[in-house]
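Q: Hey, I've got a structure open and I'm new to this. Can you walk me through it?

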Amino acid sequence: MKIARFVFFTRAAAAMVLLVGAAQAAEKTKWIDYKQGDSALSGYLVYDDAVTGRRPGILMIYDRAGFSEATLADARMIAGLGYVVFAEDIYGKGLAPKTVPEMMEQTEIYEKDLPLMRARALAGLDVLKAQPMVDPAKVATIGYCFGGVVGIELVETGAPLLGFISVHGAYHNWLTAEGAKNIKSRVLILHGAEDKAAPIDTLTTFVSQLRAANVNFELNLYSGAGHGFTRPQNPSEVRADEEYKVAMARFLKDVLAN
């Protein structure tokens, strides 16, 4: 009887420890100012400050809307998987396009100046790796829409990333054979089959370049889903939005666990 009571109280105490630990888990968010050259930038950092020690980091690259509420929510969602997430700034501190023409004006600046696009992407990566809670040897990146374009340019530099995820990204066929050979990370492409902004033929060309360079990649193609399926507009996109999150979580766990 005494042994049974001891086991009961031991288990109860352990359960209380777990509950207290869960209660103490706290999402920490903050803006970090930094620079690329003379340009002032400001990125969004999210992590659980109840966790001790270094952990994997995720460099997130926003879509053409920049730091929208949806972007911040996605950063928090990914951080909830157990990672330190830094949503880097490409446009510049305080620049927040509100309309589609304004968004296109911003993205065109970088699409016409790929060295600048790469420099902005690398600047954010440096900030993430410098965070004391991040294991700089375990870093991956995820780009949404325009962020997928930036992500391709980033991995083409040979940046030491373990993984790159492109979520309804665009494929402008800028990748060269030599550039593809520089890619060190595994690649996951999550794409809508009915994406009019990035048709399948452009995606096929990109995949052929990855194959030629022997890049380790995966492709998930979602039927009935168009561009921006993470903001679903129909049942097929609701399914795609749910399935991309599962694929993303599995991929990140796989590439960052070892």
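Predicted model: local features only at pLDDT ≥ 70, side-chain atom pairs only at ≥ 80, totals over all residues.

Q: How many residues sit between β1 and β2?
A: Two, and the strands form a hairpin. Gly37 in the turn has a positive phi of about 65°.

Q: Which residues other than glycine have a positive phi?
A: Cys145 is one of them, with phi near 55°, and Asn214 is another, with phi near 60°.

Q: Where are they, and is each buried or exposed?
A: Cys145 is in the loop between β5 and α5, and it is buried, with a relative accessible area of 12%. Asn214 is in the loop between α7 and β8. It counts as exposed because its relative accessibility is 69%, and the cut-off for exposed is over 50%.

Q: Let's zoom out. How many helices and strands does the protein chain have?
A: Eight helices and eight strands. The chain has 258 residues, and 47% of them count as buried.

Q: What share of the contacts join residues at least 24 apart?
A: 68%, counting contacts between residues at least 6 apart in sequence.

Q: Switching to helices: what does α8 look like, from its first C-alpha to its last?
A: Helix α8 covers residues 235–257, so to speak 23 residues, and reaches 33 Å, close to the 33 Å expected at 1.5 Å a residue. At its start, a side-chain oxygen of Asn234 reaches to within 3.0 Å of the backbone nitrogen of Ser236.

Q: Which residues of α8 are buried?
A: Among them are Ala240, Tyr244, Ala247, Met248, Phe251 and Val255.

Q: Why would buried residues in a helix be spaced like that?
A: An α-helix has 3.6 residues a turn, so residues three or four places apart point the same way.

Q: What covers the buried residues of α8?
A: The cover includes α2 and the strands β3, β5, β6, β7 and β8.

Q: Tell me about Ala240. Why does it count as buried?
A: Ala240 counts as buried because its relative accessibility is 0%, and buried means under 20%. Leaving aside neighbours within four places in sequence, Ala240 is in contact with Tyr222, Ala225 and Phe229. Ala240 and Phe229 are 11 residues apart in sequence and 6.6 Å apart in space, C-alpha to C-alpha.

Q: Where does Gln131 lie?
A: In the loop between α4 and β5. At 11% relative accessibility, Gln131 counts as buried.

Q: What does Gln131 touch?
A: Not counting residues up to four places away in sequence, Gln131 touches Ile32, Leu45 and Arg54. Its side chain also reaches the backbone oxygen of Val127 at 3.0 Å. Val127 is one of the buried residues in α4.

Q: Last topic: how many aromatic pairs are there in the whole structure?
A: A search finds 11. Ring pairs link Trp31, Tyr44, Tyr62, Phe67, Tyr91, Tyr110 and Phe146 into a cluster.

Conventions
Residues numbered from 1 in each chain as written. Heavy atoms only, no water. Phe/Tyr/Trp six-rings, centres within 6.5 Å; stacked < 30°, edge-to-face > 60°. Helix = DSSP H or I, 4+ residues; strand = E, 2+ residues; numbered from the N terminus. Buried < 20%, exposed > 50% of the residue type's maximum accessible area, 1.4 Å probe, protein only. Contact = heavy atoms within 4.5 Å. Polar contact = N/O pair within 3.5 Å; in protein donor to acceptor, adjacent residues only side chain to side chain. Pairing = 2+ DSSP bridges.
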